[in-house]
Structure formats: C-alpha cells, structure tokens
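Hi everyone, thanks for coming.

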Amino acid sequence: QLELVESGGGLVQPGGSLRLSCVASGFTLDNYAIGWFRQAPGKEREGVSCISGGGAYINYVDSVKGRFTISRDNAKNTVYLQMNSLKPEDTAVYYCAFHRLFKLCVDIFRTGYGMDYWGKGTLVTVSS
C-alpha cells in the first residue's frame, strides 16, 4: 500500500521556523518527483515546491523563494520542507503528493490537480 504521511506542522510566531516531513511507505520515494502543496482557508491549493526523482531539480513558488528549502533523505524515504522566516500568509494545511508516472517536476506540480497520491496534511499556523 502506497502511503505518504506528513508531520511537523504547528503554531509558530512570525519570523519563526518549522520543518515538515513527508514519509513514504510502500514505494521508493526517490524514484518520483515529490511536491509540497498548501491550501489556506478560502483559497485555492497551490504548489509550494517540487523536488525531482534523484533530487537534481528543485523549484519553488515565488512567494517562498529564499525562505523554504526542500530536500530528501533517501535512507529514510523522506522529503523535508524547511520553512524559515515564516509569515502569517504561510498559514495553511501543507500536503505532500506524487504521481506514479512522473520523475520530473512537470506542470501538474503547480496546482496538484491530477496527482495520484496525497498525504492527509499537516497544519501550519503562523501567528503572534
């Protein structure tokens, strides 16, 4: 059974940091591109970051560039999202996802529509 489980969310003050984890089971995560997505209340889901299978290619949505870092630990079958300098507008439920056909960060990683597998999400709240 293929499964993704996110963790690491929580309440943090503006300017703070969190590290989200996406642990995969039932498959080798490094064989696929993995995306982080978020959805804030009343807003559409957006792609935050993507790392290709093998890790050679990484991208970020403009609003998080320079603040967030995506990485993978193949020994732990885990992808991380290190989030620094958090802002209230980063508040959202964060999800990781992948599609069985894609090792590259193709266009569907911009919104997540069409992705095969999703975790259940982890809530990040940035507030003073």
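Let's start with the link between C22 and C96: the torsion about its S-S bond is about 80 degrees, so this disulfide is right-handed. C22 sits in strand 3 (residues 18-25) and C96 in strand 9 (residues 92-98), so the pair ties together parts that are 74 residues apart in sequence. Strands here are DSSP runs of E, at least two residues long, numbered from the N terminus. The S to S distance for C22 and C96 is 2.1 Å, and by disulfide I mean a pair of cysteine sulfur atoms within 2.5 Å.

A word on where this comes from: it is a predicted model, where local features need pLDDT of at least 70 and side-chain atom pairs count only at pLDDT 80 or more, while totals for chains, interfaces and linings use all residues. Residues are numbered from 1 along each chain as its sequence is written, and side-chain values use heavy atoms, leaving out hydrogens and water.

How many disulfides does the structure hold? There are two. In the other link, C50 and C105 have their sulfur atoms 2.0 Å apart. This one is left-handed, with -90 degrees about the S-S bond. It connects distant parts of the chain, 55 residues apart: C50 is in strand 5 (residues 46-51), and C105 is in the loop between strand 9 and strand 10 (117-118).

So, are these cysteines buried or exposed? C22 and C96 are both buried, meaning under 20% relative accessible area with a 1.4 Å probe, protein chains only (exposed is over 50%, partly exposed in between). C50 and C105 are buried too.

Finally, the pairing: with the bonded cysteines numbered in sequence order, it reads 1-3, 2-4.

Conventions. Helix = DSSP H or I, 4+ residues; strand = E, 2+ residues; numbered from the N terminus.
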